[in-house]
Amino acid sequence: MTDYEHYEAIVVGAGPGGAAAAATFANYGIETLVLERGVEAGSKNVSGGLIYAEESAPYTIDDLFPGFREEASERPITDYRIHNLAGDRVESYDLTELHEHDTEWSDSVLRRKMDSWLEDQVHERTRETGGGLLTGVHVNGLLREEGKIVGVTTDELDPITADVIVAADGVNSELARDAGLMDWDEPEEWFQGVKAVVDMPSDVIADRFDIDEDEGVAHLFSGDLFQGVRGGGFLYTNQDTLSLGTVFHLDSLVAEEAEPHELLDAMLTHPLLGQWLGDDYTELEYSAKLVPDSKKVALREPHFGRLLVVGDAAGQMQAQGPIIKGMNHAVSAGALAAEAYAEAKGRSEPEKAGSHYANKLRSEGVMQKLRPRSYEMMRGITEGDTVSGVVDSVLKSAVGRFGVRALSGQLEGLYNRPSLSAMIPDTRTPYVTLPTVIAEEVGTPVSGTNSVTPPTLEERIGDLTYDTDIGNPHIKVLDNSWEASGAAVAACPVSAVDFGGGCYREEVVRTNGSEERVVSLDTQPCVECGTCAIVADTEWEHPRGDKGVEFKWG
């Protein structure tokens, strides 16, 4: 083996999953190096975001990092509601029972604040075992010798070897792809989330949401306000800001040719939100990310050789109707991965760490939450075009509408059943048709108005912070024809049809009297969500360390 710098463990990514892995390695006295590509942990990360501590979880973030809730989170979430919308009519249900099922606590968080605090904790702990944490380092692939993974390669440093590597490098994981564990072939396996952080003083939040300083609320929105795209919106209260956003199935977004920023604006300007947003709307940051659908892509065997994959990189994002959990599962997975290696090493079988990790995910119940058996058993029936079409038709018929009215007193209870949430099919029915019919049949008109004027897409891009890597584009279009890559023009959250300032733009090339519709690319406005890697024919990688977009809030 070539004589490279060596650590017993390398953790790639300093988000919750990577932090949990690094802290657990340190607890076992294992020399650990953490590599983070952002200028600071959290500067590349976006979440909705709520972080949970589940009663059944093998690890929680505050177990691993005492003081977390006091120092790194925003507000405890004490009230959880879903709003079914049809035009100006709404029917709202209290989902606190579902929200509190198996929940020790849940807090709203902002990733820059949370991850940077975790970075400080991890750096101190790993230094005690001879390692540390480096920011501004883009790990671009796996180092192999004689066909076996022995370390990692980076843009900024010489290759580094390790006995075990934990990939916690996010939904666009280059290590999971390099190992052949994850691909970007199917849009139906992914969600796209778009988010705005909005300025609002804590006393105004208290007044408008009728909460105390130690309380917070979470609102979800579904129905007819999103152009028929499968998904919905959210609003979470932070200490002195709001997190508002939308999350949609990527294949539906593409099929409807919907533009993410317009869907977000449809929610921001709905009359229902006027009571909370008021007439002093100030948007601090616009951001976006891909979200893996764990029901379809959570890796059953998230390992290959010395590589163990955790969090979004392993598809460990639970999005089942109104249940949206990811960071807590990343924490469990990161800690279990480190624990598995330590135990395998203790038995002089470090090569079995990966399989031991996968077994822990199953035995601790993590995989059952991510890939419910009930969903897998019913999916073949409930997600078939014929069945879903019939269900939608019945719901919209006189008979279906009568049934909704007859069951109106029981619908809130049905929404609060965890077993039903785990079975929700990825069709229009639960996201669009049912909530629309509910609102139309038993909802009430929204009183009041909404005076919000969201920023333009140009203004949103202009307010972001970029360190452009001039001469080193991180995305290359391999086929610029409209058929191969045109979907990115609408689906990219910083692009739009007839908007010339985004990443992807439509062009018409005229040659010898003929016209061809093509796309062009400018990576400068990129928010690094990875959408185009799935919907366009591209070669995609992360920018070099410290380069590209820098999120101040996340």
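The following exercises, each with a worked solution, concern selected residues and contacts of one predicted model.

Residues carry numbers from 1 along each chain as its sequence is written. In this predicted model, local features need pLDDT of at least 70, side-chain atom pairs count only at pLDDT 80 or more, totals for chains, interfaces and linings use all residues, and side-chain values use heavy atoms, with hydrogens and water left out.

**Exercise 1. Determine where Asp426 lies, whether Asp426 is buried or exposed, and which residues Asp426 touches.**

Step 1. Helices (H or I, at least four residues) and strands (E, at least two) are DSSP runs, numbered from the N terminus. On this basis, Asp426 belongs to the loop between helix 19 (418-421) and helix 20 (428-442).

Step 2. Buried means under 20% relative accessible area, exposed over 50%, and partly exposed in between (1.4 Å probe, protein chains only). Asp426 is buried because its relative accessibility is 8%.

Step 3. Contact means heavy atoms within 4.5 Å. Not counting residues up to four places away in sequence, Asp426 touches Arg230, His249, Asp293, Lys295, Lys296, Tyr375, Glu383 and Tyr431.

Step 4. A polar contact is a pair of N or O atoms within 3.5 Å; within protein, one must be able to donate a hydrogen and the other to accept it, and residues adjacent in sequence count only if both atoms are side-chain atoms. The side chains of Asp426 and His249 form such a contact at 3.1 Å.

**Exercise 2. Identify which residues have the most contacts inside the largest nonpolar core.**

Step 1. A nonpolar core is a set of buried Ala, Val, Leu, Ile, Met, Phe, Trp, Tyr and Cys residues joined through side-chain atoms within 4.5 Å. In soluble globular proteins, nonpolar side chains tend to be buried together.

Step 2. The largest nonpolar core has 91 residues, and those with the most contacts inside it are Phe209, Leu244, Leu273 and Leu307.

Step 3. A second, separate core has 50 residues, including Ala19, Tyr59, Val109 and Leu336.

Step 4. Leaving aside neighbours within four places in sequence, the contacts of Leu244 include Val194, Phe234, Leu264, Met267 and Leu273.

**Exercise 3. State which residues form the nonpolar patch on the surface, and which elements give two or more residues to it.**

Step 1. Patches are made of residues with over 30% relative accessible area and no salt bridge: like charges are joined within 9 Å, nonpolar side chains (Val, Leu, Ile, Met, Phe, Trp, Tyr) within 5 Å. Accessible areas come from the Shrake-Rupley method with a 1.4 Å probe; for residues, only the protein chains shown count as cover.

Step 2. The patch consists of Met377, Met378, Ile381, Val387 and Val391, which together have about 440 Å² of accessible area.

Step 3. Two or more residues come from each of helix 15 (373-382) and helix 16 (385-396). Helix 15 gives the largest share, three residues.

Step 4. Val387 is located in helix 16 and is partly exposed because its relative accessible area is 35%.

**Exercise 4. Find how many salt bridges the structure holds, and describe the one between Glu528 and Lys44.**

Step 1. A salt bridge is a side-chain nitrogen of Lys or Arg within 4 Å of a carboxyl oxygen of Asp or Glu. The structure holds 40 salt bridges.

Step 2. The closest N and O atoms of Glu528 and Lys44 are 3.0 Å apart. This pair links distant parts of the chain, 484 residues apart.

Step 3. Glu528 is buried at 7% relative accessibility, and Lys44 is buried with a relative accessible area of 11%.

Step 4. Salt bridges also link Glu40, Arg112, Glu550 and Lys552 in a network.
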